[in-house]
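Student: I have a structure open and want to go through it piece by piece. Can we start with how the elements are named?

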Amino acid sequence: MSSSTSSSGSVVKKVKMGKRVEKMLKDKGGSTSGQDNGDDDPNKTPEPYICTGIFEADFTEFCRRNLLKDNEIPAVVIRPKPPCAQAPPDNKSKDSKDSNTSKDPTPDEGVDAANQEEAPPKTYVTKDKYAYFRPVVQVEMENEDKPTTVTEIYIRGWKIDSLMVGIFKQCWPIIEKLSVVNLWNVNLSEDVVKEFASFLPQCQNLKTLVIDGTWCPEEPWSLLIGEDSLLTSLSLRNNGITDKGAVMIGKALSTVKSSNKNLVSLNLSGNKITDVGAVAIANGLRMNRVLLSLSLANNNVSDEGAKKLGEVLSRFPLTHEEVVERRKLLSEKGSPDQGLLKSPPPSRRDRDRPGSVRSSSHMDKTDKKRDKSSKKKDGRKGEKEDGKSSKTDAKKDKDDTTKGKKEDKWKKGGGSRTSLAGAVSQPTANASFVADTMSTKTSKGKKTSSKDKRVPESDSPEILEAINPLLEQVESMDNQLWIPGNRCLINLNLSRNKITDTGMKGLLLAVQYQITLLNLAPSPAMKGILRMSLTGNDVKKTDETYVKLQEVLLARDPYYKPPEKGEGDNQSLAG
């Protein structure tokens, strides 16, 4: 009887639970049906979706909101990695296992252990039919247990259209740790590239962009490295870039008035760039002092492009536009209150000259008077407060000497344009040297006046941004102003091109000039070319210029280690 009553009680409980489950399912079904009916209503606007930072969830939701079916949505998977080598077993654990096996030797356990040790690593994964060719978004994470830690995104072999780039525009800026985007053979159009360039600066931590094997007839790749770009590394290999795209990339690197301030590495190997494109990229390096690595490997560059690159790396004359911009920068640097003053009316003689040249002599005199009065006031205050009148007197003496030099050069030059530019360059160089010494003194912790405290310290970004190639010391030769070339580029890859011994001579002169300049004025930030790849060009390996260039570069290569005497003897004996 007791068993029958217990069984009947259990049946009653199951019935009650079944009724509850059915009720819950009915409620859920009613609510879901109501939602479905609401979703089917065309007049009802969907609620805005708030991104969660989980790329897989956000990407899938935005795909559904753009009316993509479930079988059309690319899957988000973790990028497969090669199998890792097994860690060596610990000696302690091995000794303990040996002791245990010696105590209780069982043949079955020994066979199982041998099978586990000899099992080969699994290097492949089987998939369903055609699943391998379906679009997939591969990701890498810092921690696979935390889906918000996506750091890299890889897309391979499927077209990214305007709909998909719009979804990426909503998802990628929310991913905080996204640093690398790698696209290969994705068939981008001009509008898609423009859309990428518009929202990639919103990804604060995205520094590396790789777009390889993707042809675009319009070649709008220069938009990716505009003034707002935060990219430090850009790879555009095997994209069929011609001189059209290379010219635009050269302008994006730098012009007279602007330059890219973040890009450190640029890879343009495997394209169709000729001497025209190489000259344009070399012109982009004239005012760029940020790019460290440039690859033009496997292109169609010959001697003209190589000689232009060598000229930019050694020294080059300023164009008329660059000279005018230099004079503007010098006038702004010498008179900070120039914008608040009214310039005098132009004379008949100076009507044909640019504004910066026309008012230079007049503004220099007025600025010097103001500088004298302000320095006298500062000197009196300094005597009362800190008793540092000797320093202000020394500074006045320096200004007087630079002033005398400038007047002598102006008298010798006869008032020509070239003599004016040469006269202006020397005082500004001295002034910049005095400013640097004063900034280093204040940074050491000495007392300064209240006015000096307002000036930013030497570690502030304003002083670092003040470095401009046009403000470097110039040399006047053949009625032209010459400045030192680009010494920030340390790696140049020109392998597998069409450069002959003529182009090699230009490159050799450039490297020798950089070494000489570095020995005269050492600079830790401007060491010049350290590595240059030149294999596969139209020059014999026994050519004298090529051999000498390789010897010079080998001595500058930071990764080169000369063989020891014992190793060389062994190699010679083996040979």
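Tutor: Helices and strands here are DSSP runs, numbered from the N terminus; a helix takes at least four residues and a strand at least two. The model is a predicted one.

Student: OK. Using those names, where is K261?

Tutor: K261 lies in the loop between α7 (243–253) and β7 (265–267).

Student: Is K261 buried or exposed?

Tutor: Exposed: the relative accessibility of K261 is 62%, and the cut-off for exposed is over 50%.

Student: How far is K261 from R289?

Tutor: The C-alpha atoms of K261 and R289 are 8.0 Å apart, with a sequence separation of 28 residues.

Student: Switching to the sheet. What is the strand order?

Tutor: The order is β1-β2-β3-β4-β5-β6-β7-β8-β12-β13, an open sheet of ten strands with mixed pairing.

Student: Which strands are at the edges?

Tutor: β1 (75–78) and β13 (531–533), each of which pairs on one side only. From one strand to the next, the twist averages 10 degrees.

Student: What does β3 do with β4?

Tutor: Strand β3 (residues 150–156) runs parallel to strand β4 (residues 180–184), and five bridges join them. Y154 has N182 in β4 as its bridge partner, and I155 stands opposite L183 in β4.

Student: And in which sense do β2 and β3 pair?

Tutor: Antiparallel, over five bridges.

Student: What holds paired strands together in general?

Tutor: Backbone hydrogen bonds, in either a parallel or an antiparallel arrangement.

Student: Why is β3 described as largely enclosed by the rest of the structure?

Tutor: Because six of the seven residues of β3 are buried.

Student: Next, cysteines. How many disulfides are there?

Tutor: The count is zero, where a disulfide would need two cysteine sulfur atoms within 2.5 Å.

Student: Are C203 and C216 buried or exposed?

Tutor: C203 is buried, at a relative accessible area of 3%. C216 is buried as well, at 4%. The cut-off for buried is under 20%.

Student: Last topic, the surface. Which residues make the nonpolar patch?

Tutor: Y130, Y132 and F133 make a nonpolar surface patch of about 480 Å².

Student: Where is Y130 in the chain?

Tutor: Y130 sits in the loop between α4 (107–118) and β2 (136–141).

Student: Why does Y130 count as exposed?

Tutor: Because the relative accessibility of Y130 is 55%, and exposed means over 50%.

Definitions and conventions:
Residues are numbered from 1 along each chain as its sequence is written. This is a predicted model: local features need pLDDT of at least 70, side-chain atom pairs count only at pLDDT 80 or more; totals for chains, interfaces and linings use all residues. Side-chain values use heavy atoms; hydrogens and water are left out. Patches are made of residues with over 30% relative accessible area and no salt bridge: like charges are joined within 9 Å, nonpolar side chains (Val, Leu, Ile, Met, Phe, Trp, Tyr) within 5 Å. Accessible areas come from the Shrake-Rupley method with a 1.4 Å probe; for residues, only the protein chains shown count as cover. A salt bridge is a side-chain nitrogen of Lys or Arg within 4 Å of a carboxyl oxygen of Asp or Glu. Buried means under 20% relative accessible area, exposed over 50%, partly exposed in between (1.4 Å probe, protein chains only). Two strands pair if DSSP finds at least two bridges between them. Axes are lines fitted to C-alpha atoms, for helices over the stretch in contact, and angles run from 0 to 180 degrees between N-to-C directions.
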